[in-house]
Amino acid sequence: MTDRVLLTGISGFLGGHVALQLLNAGYTVRGSLRNLKRADKVRDTLGRAGADTSKLEFVALDLMDDAGWREAAEGCRYVQHTASPFVLEIPADKMALIGPAVEGTTRALDAANAAGAERIVLTSSMAAIAYGHDKSRTAPFTARDWTDLDGRGVNFYQESKTLAERRAWEIMDAAGRHDALAVINPSGIFGPLLDEDPGTSPILIQRLLNGSVPALPRIPITIIDVRDVAAAHVAAMTAPEAGGQRFPMGERTLFFKEVADLVAARYPDRRVPRLQMPDWAVRLYGLFDRDIRGNLGELGLAKQLDSRGAVALLGRELIPAPDAILATAETLVAQGLA
């Protein structure tokens, strides 16, 4: 296979796994970096993971700069846009998230359309689906659902992902290419690290292992393995039925204490917190901490995602959430990061 794929965000946790699976499938991968000085590091990481890096090339792209996007997409049959800001700490200025998310998506899709890319796969998020809804809802969220930006408790990250994905569909519809786009909407992404960068979601496991979390808020985490998310990106690139579709991905939802209990059982010598913090204490703490305050609406709410579309796309069941959590912990420990 000689098809070339433009992959934005190749140095990220998900981007690295997408690159690995693309290279293993025989594609030529043109990965984007903000700084090409990181190219050797990414090449070495993928090589150590078993990829044939002779089909790996790099381009410099910035989500907030027009330079190079059209040239990067030229000659690429497919485009995978995984690059987007993702943070554990919600910034004071929401445009620090919304600007790069929406503008980066616009640049990636405009470049892909100009180059005539056959299929564009966009990494969106559960954040664009499952928030701002009635708290009494128990039914799983589906590909038909959208986060209600006027609903209570929607934070800046959820707003950024919703606006970015809405913009993507607007661009494709305006170009008359609705079915040339496929969108993956993962929940919290865990699983094995490829390098010493723990990414964002795995930092939660790192904090459990190093004891920097004193107690556990009653906050649920919907979990998906990075290997499944990467496989869905690769499958959506060529599956005819994926065109014009969204694919929510979450294997199951665990409360933070359940995650901590899994880690503690595997690493009994670590000071993993076991005490669950009362909701009133979390709310009190949130008065003084913006990041906690931005997630108070999730206390006790175990959202579920309908992942049947992703299961059909992959042709197999999803990796169990406990396996994803423990794979994260094992690679953090193996690489001396926790």
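Strands β5 and β6 run parallel to each other and are joined by four bridges. Two of the pairings can be picked out by residue. Ile-120 stands opposite Leu-181 of β6. Val-121 has Ala-182 in β6 as its bridge partner. All of this is read from a predicted model.

β6 is mostly covered, with six of its six residues buried. Both of its faces are involved. On one side lie Leu-181, Val-183 and Asn-185, and these are buried.

Seven strands make up an open sheet, in the order β3-β2-β1-β4-β5-β6-β9, and the pairing is parallel. β3 (56-60) and β9 are the edge strands, and each pairs on one side only. Neighbouring strands are turned by 20 degrees against each other on average, direction ignored.

Helices pack on this sheet. Helix α1 (residues 13-24) touches β1 (4-8), β2 (28-33), β3, β4 (78-81) and β5. The direction of α1 makes about 170 degrees with that of β1. Helix α5 also packs on the sheet, where it touches β5, β6 and β9. The direction of α5 makes about 165 degrees with that of β6.

Look along α5 itself. This helix covers residues 156-174, which is 19 residues. From its first C-alpha to its last it reaches 27 Å, close to the 27 Å expected at 1.5 Å a residue. Its buried residues include Tyr-157, Lys-161, Ala-164, Ala-168, Trp-169, Ile-171 and Met-172. An α-helix has 3.6 residues a turn, so residues three or four places apart point the same way. What lies over the buried residues of α5? The cover includes α4 (95-115), β5 (119-123), β6 (181-186) and β9 (246-249).

A second sheet comes next. Three strands form it, in the order β7-β8-β10; it is open, and its pairing is mixed. β7 (188-190) and β10 (252-255) stand at the edges with a single partner strand each, so one side of each has no neighbour in the sheet. The twist from one strand to the next averages 45 degrees.

β7 and β8 pair in the parallel sense over three bridges. Phe-190 has Asp-225 of β8 as its bridge partner. Strand β8 (residues 220-225) and β10 run antiparallel, and four bridges join them. Ile-221 has Leu-254 in β10 as its bridge partner.

Helices cover this sheet as well. Helix α8 (residues 256-266) lies across β8 and β10, at about 85 degrees to β10. Helix α12 (residues 321-334) packs on the sheet and touches β7, β8 and β10. The direction of α12 makes about 85 degrees with that of β8.

Are the residues of β8 buried or exposed? Six of its six residues are buried, and the strand is mostly covered. Pro-220, Thr-222 and Ile-224 point one way, while Ile-221, Ile-223 and Asp-225 point the other.

α12 has another partner, helix α6 (residues 202-210). The axes of α6 and α12 come within 9 Å and cross at roughly 65 degrees. The crossing is right-handed. α6 brings Pro-202, Ile-205, Gln-206 and Leu-209 to the contact. α12 brings Ile-325, Thr-328, Ala-329, Leu-332 and Val-333. By class, the contact has seven nonpolar residues, two polar and no charged ones.

Arg-271 is found in the loop between α8 and α9 (279-286). Its relative accessible area is 75%, above the 50% cut-off, so Arg-271 counts as exposed. Leaving aside neighbours within four places in sequence, Arg-271 is in contact with Leu-208 and Gly-211. The C-alpha atoms of Arg-271 and Leu-208 are separated by 7.9 Å, though the two are 63 residues apart along the chain.

Thr-45 has its place in helix α2 (residues 39-48). Why does Thr-45 count as buried? Its relative accessibility is 6%, and buried means under 20%, so Thr-45 falls in that class. Leaving aside neighbours within four places in sequence, Thr-45 is in contact with Leu-194 and Asp-195.

How values were computed: Residues are numbered from 1 along each chain as its sequence is written. This is a predicted model: local features need pLDDT of at least 70, side-chain atom pairs count only at pLDDT 80 or more; totals for chains, interfaces and linings use all residues. Side-chain values use heavy atoms; hydrogens and water are left out. Helices (H or I, at least four residues) and strands (E, at least two) are DSSP runs, numbered from the N terminus. Buried means under 20% relative accessible area, exposed over 50%, partly exposed in between (1.4 Å probe, protein chains only). Contact means heavy atoms within 4.5 Å. Two strands pair if DSSP finds at least two bridges between them. Axes are lines fitted to C-alpha atoms, for helices over the stretch in contact, and angles run from 0 to 180 degrees between N-to-C directions. A crossing is left-handed if the near helix is turned anticlockwise from the far one by less than a right angle, and right-handed if clockwise. Ala, Val, Leu, Ile, Met, Phe, Trp, Tyr, Cys and Pro count as nonpolar, Asp, Glu, Lys and Arg as charged, and the others, Gly among them, as polar. The expected span of a helix is 1.5 Å times one less than its number of residues.
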